[in-house]
Amino acid sequence: MKIIIIGAGQVGATLAENLASEDNDITVIDTDLNRLRELQDRLDIQTVEGNGAHPDVLNQAGCNDADMLIAVSNQDETNMVACQVAHTLFKTPTKIGRVRSSAYSHYPELFSDQALPMDVRISPEKEVTKHLSRLIRYPGALQVMEFAEGKVQLVVVKAEKGGPLIDQPISFLKEHMPSIQTRIAAIYRDGKSISPDGNTHIHANDEVFFLTAQRDVLDVMSELRPLDTPYRRIIIAGGGNIGERLAQSLEKEYRVKIIERDPERCRYLSETLDNTIVLNGDASKQELLLEENIESTDVFCALTNNDEANIMSSMLAKVLGVRTVMTIINNPAYVDIVQEGMIDIAISPQQTTISSLLSYIRRGDVVNVHSMRKGAAEALEAVAHGDYRSSKVVGRSIANLNLPEGATIGAIVREDDLIVATSELVIQAEDHVIIFVTNKKQIPAVEQLFQVGLTFF
């Protein structure tokens with residue numbers, strides 16, 4: 001595909017890196033020449049210096065024959081106008097834009113073809129909030145991803161001693177929980193991928209990826225590690241867009257406090273939120289954390305725009321006795337370093353945002369994509385269409401599919417039923433197929449499997 005990306009910030013740069021590795025024709029537009037040079041030194045892409053909303057700049061970038069425009073600059077208005085120009089002057093088929101301000105979200109009619117044409121709106125703040133909310137609802141999970149409109153969850157946990165499945169073969173899980181549909185899709189041991197089968201033994205410290213219905217997540221987790229007690233008390237450091245959204249999503253079920261330095265923002269939050277305590281102060285001050293009983297707090301979420309401030313306040317909270325620390329870190333170089341130390345879960349907004357973008361970029365009817373392990377692996381939800389003649393998957397058993405190496409079908413969702421994949425399972429039209437791909441280079445081969453031949457039409 002020929003894709004134009006507007007914005008060479010963290011999201012744009014990470015997206016360009018992901019897509020350039022898949023043989024797409026990528027052009028990045030930004031006003032910062034130094035950022036563009038840095039990208040061009042690392043990646044096989046084209047760059048154009050200028051304002052991505054200007055027609056002459058889009059024309060220079062080749063918008064007249066582009067398949068897709070992705071506007072992810074830091075300015076909502078630039079992104080919206082760029083989509084308008086691409087639609088009106090260049091008839092670009094697909095336009096995706098980042099809109100961060102919640103002020104626009106109340107007026108969806110703004111983004112129709114008659115106003116500011118945008119096929120897909122993405123909000124990093126919204127995606128990160130959903131990610132954090134799922135982690136808080138499943139204590140002990142490292143990542144929780146949804147498929148089939150939330151009916152199915154792909155959960156990542158670190159196996160720990162005390163779980164019944166530790167040092168047992170995976171087949172033991174079916175014997176122990178015969179009524180629960182679940183599938184272990186992948187295991188990472190010492191950073192290396194293992195393709196599991198029924199004879200594979202789970203070891204302590206393995207990173208285990210399992211699929212199951214939403215209602216059964218905690219039951220399966222309990223087989224891999226002792227269950228943590230549910231979270232109740234949450235402290236959020238940073239009352240920006242993400243902090244506000246997270247408090248709104250949690251305050252009905254949890255006891256939530258926000259610590260925010262800006263008095264004006266505190267006043268706004270106190271008027272907007274219903275059941276959240278808003279504190280004006282600095283989350284890196286020991287006295288304030290002790291006053292707020294940090295030692296009896298279950299989760300400390302550091303959500304400011306400053307990586308260093310997030311890291312330092314998180315480390316202090318951990319030293320003072322908070323149970324779990326979740327920290328937003330924008331600089332990818334920091335993520336691995338801090339997650340090996342005191343910080344329990346480091347969250348990259350770029351990777352979270354890219355997951356929501358990839359489902360619109362993948363070929364075939366791919367309705368959901370989750371990027372994992374810094375983009376090296378993906379989990380996809382693809383819908384099977386056609387019949388035995390026009391489709392490479394419909395009417396065929398999983399054993400007879402030409403799946404590329406490193407790709408595993410974990411389960412299918414048929415209407416409202418989750419069916420765990422077995423070699424004999426035959427895929428039917430309109431099944432939602434959940435595929436785990438450990439080698440991202442095999443994504444095009446997976447996409448081709450779910451593309452329908454001409455006989456279908």
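**Entry 1**

I started with isoleucine 354, which counts as buried because its relative accessibility is 0%; buried means under 20% relative accessible area, exposed over 50% and partly exposed in between, with a 1.4 Å probe and protein chains only. This is a predicted model, where local features need pLDDT of at least 70, side-chain atom pairs count only at pLDDT 80 or more, and totals for chains, interfaces and linings use all residues. Residues are numbered from 1 along each chain as its sequence is written, and side-chain values use heavy atoms, with hydrogens and water left out.

Isoleucine 354 sits in helix 14; helices (H or I, at least four residues) and strands (E, at least two) are DSSP runs, numbered from the N terminus. I looked up the cover of this helix next: twelve of its 13 residues are buried, among them Pro349, Thr353, Leu357 and Ile361.

Helix 14 runs over residues 349-361 and spans 19 Å from first C-alpha to last, close to the 18 Å expected at 1.5 Å a residue; the expected span is 1.5 Å times one less than the number of residues. I also noted a kink of about 30° centred on serine 355, the bend being the angle between axes fitted to the seven residues ending there and the seven starting there.

**Entry 1**

Methionine 312 belongs to helix 12 (residues 307-319), and I list methionine 312 as exposed because its relative accessibility is 53%.

**Entry 2: two positive phi values**

Lysine 91 has phi near 55° and lies in the loop between helix 4 (76-90) and strand 5 (94-98). At 62% relative accessibility, lysine 91 is exposed.

Glutamate 430 has phi near 75° and lies in the loop between strand 21 (417-420) and strand 22 (432-437). With a relative accessible area of 46%, glutamate 430 is partly exposed.
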